[in-house]
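Please open the structure in a viewer and keep the sequence at hand.

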Amino acid sequence: MRRPTLLATLALVALGAFLGAALVLRGRESSLPIPGERHRFAVEVLNGTSVDGLARETTRRLRRAGIDVVYFGDASEDAARTTRILIRRGDSSAAVVVRDVLGTGDIISAPNARLLVDVSVILGRDLAPGVDLDP
């Protein structure tokens, strides 16, 4: 008869912990927007410089602004002088939002529906000095 009592006690403790955590988390609101919730477009970020981590940090910056970055990595070309924001599909409104968040970038029309993104960002050296690279 001892075993069912122990199992019941453990089940009650687990249920209490779950309910307590749910109550604590219920009162909290996330200060970060959900990417894609406010802006309905997809972005890829490509590092066109030799600065390690630039695409990752820029992706974080865009996501904090609610922009859905679906891919980040290295660009095929290196040592881009200025950041380029390429319109892959749709109008220029998504590119303008990205440029406003980054504070820099030349907007260029370069349609390519096969990429499945609305905007490609190729990061240049103009963005590198102002970015805080966290590990």
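Begin by selecting L116, which counts as exposed because its relative accessibility is 61%; the classes are buried for under 20% relative accessible area, exposed for over 50%, and partly exposed in between, with a 1.4 Å probe and protein chains only. L116 lies in the loop between β4 and β5 (119-123). Although L116 is not a glycine, its phi is positive, at about 60°.

Before the next stop, please note that this is a predicted model, in which local features need pLDDT of at least 70, side-chain atom pairs count only at pLDDT 80 or more, and totals for chains, interfaces and linings use all residues. Residues are numbered from 1 along each chain as its sequence is written, and side-chain values use heavy atoms, with hydrogens and water left out.

Next, display the whole protein as a cartoon. The protein has 3 helices and 5 strands, where helices (H or I, at least four residues) and strands (E, at least two) are DSSP runs numbered from the N terminus. Along the sequence, these follow the pattern α-β-α-β-β-α-β-β. Of the 135 residues, 35% are buried.

Now select the strands. They form an open sheet of 5 strands in the order β2-β1-β5-β3-β4, with mixed pairing; two strands pair if DSSP finds at least two bridges between them. The edge strands are β2 (68-74) and β4, each of which pairs on one side only. On average, neighbouring strands of the sheet are turned by 20° against each other, direction ignored; axes are lines fitted to C-alpha atoms, for helices over the stretch in contact, and angles run from 0 to 180 degrees between N-to-C directions.

From β3 the chain passes through helix α3 (residues 93-102) to β4, a β-α-β crossover that is right-handed: with the strands pointing away from the viewer, the path from the first strand over the helix to the second runs clockwise.

Finally, select α3 itself. This helix lies across β1, β3, β4 and β5, and runs at about 35° to β5; contact means heavy atoms within 4.5 Å.
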